[in-house]
Amino acid sequence: MKRVKLLLLGVALGVATCVSAAPQTAVKAQGTQSYELKEFFADFTHFTIGDTVPEIYRTEEYNIKQWKQRNLPAPDAGSHWTYMGGNYVLITDTEGKILKVYDGEIFYHR
């Protein structure tokens, strides 16, 4: 009886490992586009592509210069990455208009 219990425990652990590994493999196959968002919440406000961010997110303090280390694409000319509500947001330099949004989990993408 003890052998059967150990065998069942081993099978259960093996299945759990396989199940938890599957989503990571799927994310790798999809690339960073799986992190792209169309809308998000920050500062108790709902934002979508095309909205204008509050002035604070246009300041130098929020300007992300190390975008490559965060697995983000290079910003287009006249735009920069900022961080809002756990998300990386590409905004225009002049107006602060949202061009693109990535879930903050992209930082851990391998």
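**Close-up views of the predicted model**

**View 1. The salt bridge between Glu60 and Lys65.** In this predicted model, Glu60 and Lys65 are joined by a salt bridge whose closest N and O atoms are 2.0 Å apart. Both Glu60 and Lys65 are exposed. A search of the whole structure returns 2 salt bridges.

**View 2. The salt bridge between Arg58 and Glu55.** Arg58 is bridged to Glu55, with the closest N and O atoms 3.5 Å apart. Arg58 has a relative accessible area of 25% and is therefore classed as partly exposed. Glu55, with a relative accessible area of 53%, is exposed.

View 3. Glu95 belongs to the loop that lies between β5 and β6. Its relative accessibility of 46% makes Glu95 partly exposed. Leaving aside neighbours within four places in sequence, Glu95 contacts Thr52 and Arg58. Glu55 is 40 residues from Glu95 along the chain, and the C-alpha atoms of the two are separated by 9.2 Å. Arg58, in contact with Glu95, is also the salt-bridge partner of Glu55.

**View 4. His80 and its contacts.** His80 is part of strand β4. Because its relative accessibility is 7%, under the 20% limit, His80 counts as buried. The side chains of His80 and Asp93 are joined by a polar contact of 2.6 Å. Not counting residues up to four places away in sequence, His80 also touches Tyr57, Arg58, Asn63 and Pro75, together with Val89, Leu90, Ile91 and Thr92.

**View 5. The open antiparallel sheet.** The sheet is built from 4 strands in the order β1-β6-β5-β4, with antiparallel pairing. Its edge strands, β1 (36-37) and β4 (79-84), each pair on one side only. Strand β5 (residues 87-92) runs antiparallel to strand β6 (residues 98-103), and 5 bridges join the two. Within this pair, Asn87 stands opposite Asp103 of β6.

**View 6. Confidence along the chain.** The average pLDDT of the protein is 80, and 73% of the residues score at least 70. Confidence is highest in strand β3 (residues 45-48), at a mean of 98, and lowest in helix α1 (residues 2-30), at a mean of 44. For residues 11-29 the pLDDT is below 50, and this stretch has 5 contacts in the model beyond near neighbours in sequence.

Technical notes. Residues are numbered from 1 along each chain as its sequence is written. Side-chain values use heavy atoms; hydrogens and water are left out. pLDDT is the predictor's confidence in each residue, from 0 to 100. Contact means heavy atoms within 4.5 Å. Two strands pair if DSSP finds at least two bridges between them. Buried means under 20% relative accessible area, exposed over 50%, partly exposed in between (1.4 Å probe, protein chains only). A polar contact is a pair of N or O atoms within 3.5 Å; within protein, one must be able to donate a hydrogen and the other to accept it, and residues adjacent in sequence count only if both atoms are side-chain atoms. A salt bridge is a side-chain nitrogen of Lys or Arg within 4 Å of a carboxyl oxygen of Asp or Glu.
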